[in-house]
Amino acid sequence: MLHFDPEIAESRFGYGYSPSVQAPVSVDQMLARLRTKDEIASRFVIKDSSQISASFKEFSDLSRRLRIARKLNPKEDVGLVVKEMKQFRSNWRKQSVQRTGSMLMRRVWTQDALRERLIAFWTDHFSAPGKTYNYRFTFPSYVETAIRPNVTKSFSDLLLAAVLHPQMLKFLDQPASVGPNSSFAKKNPAQKRGLNENLAREILELHTLGVNGHYSQNDVRELAKLLTGLWVTSSGEARFIETRSEPGQAKVLGKLYGGARDGEESIADVLNDLARHPDTARHIANKLATHFISDAPPKDLVKALEMEFLASDGDLMRVSEALLRHPAAWHESRANFKQPDLFVSSALRALAVSDQQIENVSSATINRNLLLPLRKMGQPWGEPAGPDGFEEHDSYWLTPQGMGARLQWSLAAPTAFAGELPDPREFVVNVLGSRASDAVMFAARAAENRREGVALVLMSPEFQRC
Amino acid sequence: MTHSGLSRRKFLARGALVGCSVAASPLLTPVSFAMAPSDNRLVVILLRGGMDGLDLLRPWHDPAFAIARPTLAQQRNPTLEVQDGYGIHPAVAPLLPLWHAGELSFVQSVSTPYRNKRSHFDGQDLLEAGTANLGKTSQRDGWLNRMLQGMQGVEAHTAYAIGADPMLLSRGSAPVSSWSPDVDFVMSAQGARLLQEVMQSDTEMALAMAQAVRLSSQDGGESIVETDASMLEASMDAQMSTQGQGARGAHKRVAEFAAEQLRGDARIACFSLGGWDTHNNQKNTMVAPLKRLAQTILTLKANLGGAAWQRTTVLAMTEFGRTVRENGSRGTDHGTGGAMVLAGGALRGGRVLGHALGLDEAALYQRRDVMPTDDVRRYAAWAIRSSFGLSASVLERDVFPGLEMKDDPGLLA
C-alpha cells in the first residue's frame with residue numbers, strides 16, 4: 001500500500017527538505033495549509049499589478065519624452081532625458097533583484113511549498129514573458145496578480161485572470177487585433193486592420209482544450225472575433241474598446257456568442273465555457289500528472305484528475321486534493337528529473353539561505369550565481385521561449401551541458417549565498433533523509449572539503465530525482 | 001593544471017561502460033565507421049540583435065551615405081577599401097588578409113522574408129526557422145536541423161549547437177549534439193571519484209555527466225581534476241571570472257570548441273554572437289561585437305588548421321539590418337535589408353555580392369531602411385548545396401520552404 005511520506009511530500013510536491021522548516025506530516029495537513037491563508041506572500045512581498053502601475057506610467061512617459069527629444073530637439077535635452085531614464089532603469093533593476101530574492105525566499109521558508117509549486121506550474125501554463133523592457137519588468141506582478149491568488153480557485157477564475165491580464169494581451173498581440181467590421185476599421189480603411197489570431201489560438205491550443213482538442217481553424221477565427229476590443233493602454237492597463245470590437249455573433253465550438261450581450265460579457269461567457277470543456281479537463285489532468293509525477297503518468301491517475309476536474313467544475317483545490325489522494329502520488333519510483341528552477345530553489349532551501357543573506361548579496365552575485373547559471377542550465381528565469389512555456393520532458397534537461405552547469409553551480413553558488421557551508425555529513429541527512437544511498441553518505445563523509453561535499457549531495461540522483 | 005590519471009580516465013571509463021546498457025540514448029550510438037556525410041564543414045553564426053550592414057561594409061562611393069550618417073560614415077580610407085568604393089569597419093581590419101586570400105565575402109542588401117514589425121524575437125525566429133512565415137511556436141523546427149534530415153550518414157556528433165541558448169536553428173528530429181564551453185567545473189581528484197560513485201545508480205545521469213566531463217576537458221576551459229590545493233584556488237578564481245559578465249573570451253572559446261569538433265567527426269556547428277542592437281552611440285558600441293566577429297572567424301581558421309579550413313564555409317547572418325539614417329542618439333534603429341558575411345577556405349571569396357539600390361531616400365524600404373533585393377536564405381541554400389550536395393528541390397521544399405534558389409552565385413571555389 002502506498003501512502004504519505006514526508007520526504008516525497010517535500011521533494012515531489014514542494015521544494016525539498018529544509019533543515020529549518022518542518023515537513024508536512026499528512027496529506028490533510030498539506031491540504032489544510034493550501035486551503036488557508038497564503039502566509040508566506042505577506043512575509044516576502046512582491047507588488048501586484050495595481051501597485052506598480054504608477055511606475056509603469058512613469059516609464060511610458062519617459063520613453064515618450066525620449067522619443068520626442070530625439071526627433072525634434074538638439075542634443076542637450078536628449079542628454080537630460082537619457083540621464084533620467086538611466087536612473088529610472090537602475091531603480092527598476094534593483095526592484096527586479098529584490099523580487100527575485102522574495103520569490104526565492106518564499107520557496108525556501110514556506111511550510112506550504114505545494115502552493116509555490118502550483119504557482120510555478122500555472123505560471124508556466126500561462127506563460128507570458130515580456131517581449132519588451134517594460135513588460136519584462138511587469139512579469140512578476142502578473143504572476144502575483146493573475147496566477148497566485150487563483151491556483152486554489154476554479155480553473156475559470158484562473159483562466160480569465162491570466163488571459164485577460166495586460167501581460168498576456170500584450171504578449172500574444174491582442175491589442176493589434178481589430179474587428180474587420182468594427183467602426184474603428186471602417187473609419188481607418190487605409191490601415192487595413194483586421195484580426196490577429198494569436199491569443200485566440202493559444203487559448204484553445206495551450207490554455208484550455210489542448211492541441212489535440214476538438215476545435216478547428218474556424219473556431220480560432222471565431223474566438224478571435226469575440227476577443228476583439230480587448231486592448232492595452234500605453235500605461236499598461238487592460239481596456240475594452242467597443243469601437244474595435246467585431247459586431248454581431250460568433251460561433252465557437254458550435255455555440256453562438258455575442259449579439260445582444262455586450263462584448264466583455266461575451267468574452268467571459270466563451271472563456272467560462274472553454275474552462276469547463278471535457279477536452280480542457282483532459283488536457284489539464286494530463287499536464288498536472290506529467291509535471292508532478294512522470295513524463296509517462298499512470299493512466300488511472302490522469303483519469304482520476306480529469307473526473308475530479310469535471311465533477312467539480314474545475315475546482316483547482318479539489319483537483320489538487322485528487323492528486324495528493326491518489327496512490328501514484330506516493331509511488332517510490334522517482335520518475336521525474338528536477339528542472340533547473342526547481343533544482344536551484346530546492347538547493348537554496350536545503351541550505352536554509354536566509355532573507356538577510358539574500359539581501360546582503362549584491363545584484364552581481366544574483367546575476368552570477370543565479371540568473372546566469374539558470375541560463376546555462378537552459379531555463380532562463382522568467383523567460384520561456386514561447387507561450388507554450390518550458391519543456392516538460394526530462395530528456396530536454398538531462399543533457400551534458402545541463403549536468404555540467406549544475407555541477408558548476410553546486411560547487412560555486414552555495415558559498416556565495418549561504419556563506420559558511422554546513423557539514424556535509426549533516427547536510428546529506430538533512431536534505432535526503434532516509435533516501436540517502438550508501439554511496440552519497442560515503443561521498444559526504446569522504447569529500448576533501450565542505451564545498452565538494454555539499455556539491456556531491458546536490459548532484460546526487462537522490463536530490464535531483466523526485 | 002595536472003590531470004590525475006586515476007580520476008578522470010576512470011570516470012570516463014565508467015561513463016562508457018554504463019553507456020552500453022542504455023541503448024535508447026542518442027548519445028550512445030556506438031562508434032560507427034559509416035562514411036561521414038562529407039569532408040566539407042559548415043559553420044553558421046547568428047548575429048543576434050540586428051547587425052548594421054552599412055557600418056560593416058561602408059558604401060563610400062554613395063554620396064547619400066555620408067549625408068545619412070554624419071558620425072558613422074567616417075572618412076574614406078584606402079587601407080580599408082575592399083572593392084569599388086566599399087570599405088570595411090576598422091574593427092574588422094584583421095580580416096583583410098582573408099579578403100585578399102579569397103576567404104571572405106560580403107553579401108549586401110539581403111534579408112529574410114520578415115517585414116515591417118522589426119521585432120528581434122520574431123525576426124530571429126524567422127531567421128532560424130528558415131520559413132517565409134512564422135507558424136505555430138510549438139511546432140517550429142530550425143532549417144539547420146531540416147538540412148541534417150536531408151543528409152546521409154548523420155550521427156549525433158555530426159552537428160553541434162554550441163552555447164547555453166536554446167537554438168531554434170538546430171531544433172528538430174535530426175540528432176544534434178550540444179555543449180556550452182562556458183560551463184566549467186573544478187573538483188579535486190577525490191571529488192571526481194566520489195561524483196562517479198554517487199551517480200552510479202542512475203545510468204542516464206551518469207552518462208550525461210561523463211559527456212560533460214569529456215567535453216569540458218576539450219573546450220579550452222578548466223576541466224575537472226585538480227590535485228594541488230593552490231591551483232584549485234587559482235582555478236576557482238578563473239571559474240568565477242568566466243561566470244561573470246566580463247566573460248571576455250567566451251566567443252573565442254566557443255570558436256575553439258567548434259574548431260576542435262570540426263577537426264574531428266563533426267561537420268556542422270552553429271552558435272550565436274550578440275551585441276548588435278546599436279541604438280546609441282554606435283561609433284563606440286559597434287566596435288566590440290565586430291571585434292568579436294573577426295576574432296571568432298580568425299580563431300576558427302587558426303584552430304581548424306589548413307586542411308579543414310580549406311573545406312570550411314562560415315555563414316554569419318542576422319535577423320535584420322538597421323535604418324540608413326542615424327537616429328537622435330548617434331545610433332541606428334531596427335531596419336530591414338542588411339548584410340551577410342561569408343568566410344572560409346572553401347570560399348571563392350574576395351567579393352561583394354548582392355545588388356544594392358543605393359541610399360537615396362526614394363530607393364529605401366519605406367523611405368528608411370536598406371531595400372532588400374535578395375533573400376538571405378538563397379545564399380545559405382547555395383552554400384549548403386555546394387557543401388553537402390542537397391538537391392535544389394529538397395532545399396526549396398524542406399529546408400527553406402518557398403524559397404526560389406534561382407541562379408548559382410558560385411559562392412564556393
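User: What share of chain B's 413 residues count as buried, and what makes a residue buried in the first place?

Analyst: In chain B, 57% of the 413 residues count as buried. The label goes by relative accessible area: under 20% is buried, over 50% is exposed, and partly exposed is in between (1.4 Å probe, protein chains only). Keep in mind that this is a predicted model, where local features need pLDDT of at least 70, side-chain atom pairs count only at pLDDT 80 or more, and totals for chains, interfaces and linings use all residues. Residues are numbered from 1 along each chain as its sequence is written, chains are lettered from A and ligands numbered from 1 in the order in which they are written, and side-chain values use heavy atoms, with hydrogens and water left out.

User: Why is B:Thr158 put in the class it gets?

Analyst: Its relative accessible area is 4%. That is under the 20% limit, so B:Thr158 is called buried. B:Thr158 sits in the loop between helix 6 (143–149) and strand 6 (159–162) of chain B. Helices here are DSSP runs of H or I with at least four residues, strands are E runs with at least two, and both are numbered from the N terminus.

User: Which residues touch B:Thr158, leaving aside its neighbours within four places in sequence?

Analyst: B:Thr158 is in contact with B:Pro37, B:Leu148, B:Gly153, B:Asp265, B:Ala266, B:Arg267 and B:Ile268. Contact means heavy atoms within 4.5 Å. Across chain B, take the contacts between residues at least 6 apart in sequence: 76% of them join residues at least 24 apart.

User: Which way do the side chains of strand 6 of chain B point?

Analyst: B:Ala159 and B:Ala161 point one way, B:Tyr160 and B:Ile162 point the other way, and all are buried.

User: What is the strand order in the open sheet of 3 strands in chain B?

Analyst: The order is 2-4-3, with antiparallel pairing. Strand 2 (57–59) and strand 3 (81–83) of chain B stand at the edges with a single partner strand each, so one side of each has no neighbour in the sheet. As for strand 3 of chain B and strand 4 (residues 86–88), 2 bridges join them, and B:Glu81 stands opposite B:Gly87.

User: What makes the contact between A:Arg64 and A:Asp61 a salt bridge?

Analyst: A salt bridge needs a side-chain nitrogen of Lys or Arg within 4 Å of a carboxyl oxygen of Asp or Glu. The N to O distance here is 2.7 Å, so the pair passes. A:Arg64 and A:Asp61 are 3 residues apart in helix 4 (residues 49–72) of chain A, about one helical turn. A:Arg64 has 37% relative accessibility and counts as partly exposed; A:Asp61 also has 37% and counts as partly exposed.

User: Which parts of chain A does the pair A:Glu197 and A:Arg221 tie together?

Analyst: Their side chains meet in a salt bridge at 2.6 Å, N to O. A:Glu197 lies in the loop between helix 10 (183–187) and helix 11 (198–207), and A:Arg221 in helix 12 (residues 217–227), so the pair links parts 24 residues apart in sequence. With 17% relative accessibility A:Glu197 counts as buried, whereas A:Arg221 at 35% is partly exposed.

User: How many salt bridges are there over all chains?

Analyst: The search of the whole structure finds 46. One of them joins B:Arg377 and B:Asp375 (2.9 Å, N to O), and both residues are buried. Salt bridges with shared partners also join A:Asp38, A:Asp112, A:Arg115, A:Glu116 and A:Arg148 into one network.

Technical notes:
Two strands pair if DSSP finds at least two bridges between them.
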